[in-house]
Amino acid sequence: LIARTLKDYERLLTDSLFIRISKSHLVNLRYVRRVCLDKLGEVELTNGHVIRISRRRLAVLRESAQWPA
């Protein structure tokens, strides 16, 4: 059995619709309903789950064009 870290998957999926939003979450942008880049920062998925964006990732995402319009 070979275990991979989330960082390994992040590297494998760099050219796809996945983006890292925290230490514990890699999100498929096809399933993002809403993105809130305010002070708290969160992503709402199409299944209704809301995931907080880490402070470090939030700062990077605010400056990037990775989120769909």
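Reader: What makes I19, I21, V27, L29, V32, V43, L45, I51, I53, L58 and L61 a nonpolar core?
Author: These eleven residues make up the largest nonpolar core of this predicted model. A nonpolar core is a set of buried Ala, Val, Leu, Ile, Met, Phe, Trp, Tyr and Cys residues joined through side-chain atoms within 4.5 Å. The elements that give two or more residues to this core are β4 (42-45) and α2 (55-63).

Reader: How were the residues numbered and the values taken?
Author: Residues are numbered from 1 along each chain as its sequence is written.

Reader: Which residues is L45 in contact with, leaving aside its neighbours within four places in sequence?
Author: L45 is in contact (heavy atoms within 4.5 Å) with V27, Y31, V32, R33 and I51.

Reader: What makes R20 and E10 a salt bridge?
Author: A salt bridge is a side-chain nitrogen of Lys or Arg within 4 Å of a carboxyl oxygen of Asp or Glu. The closest N and O atoms of R20 and E10 are 2.9 Å apart, and the pair forms a salt bridge. R20 lies in strand β1 (residues 18-20) and E10 in helix α1 (residues 6-12), so the pair ties together parts that are ten residues apart in sequence. Helices (H or I, at least four residues) and strands (E, at least two) are DSSP runs, numbered from the N terminus.

Reader: Which residues are linked in a network of salt bridges?
Author: The network links R33, R34, E42 and E44. E44 forms a salt bridge with R33, with the closest N and O atoms 3.0 Å apart. For E42 and R34 the distance between the closest N and O atoms is 3.1 Å.

Reader: Why is one side of β3 and of β5 left without a neighbour in the sheet?
Author: Three strands form an open sheet in the order β3-β4-β5, with antiparallel pairing. β3 (32-36) and β5 (50-52) stand at the edges, each with a single partner strand, so one side of each has no neighbour in the sheet. Two strands pair if DSSP finds at least two bridges between them; β3 and β4 have four bridges.

Notes: This is a predicted model: local features need pLDDT of at least 70, side-chain atom pairs count only at pLDDT 80 or more; totals for chains, interfaces and linings use all residues. Side-chain values use heavy atoms; hydrogens and water are left out. Buried means under 20% relative accessible area, exposed over 50%, partly exposed in between (1.4 Å probe, protein chains only).
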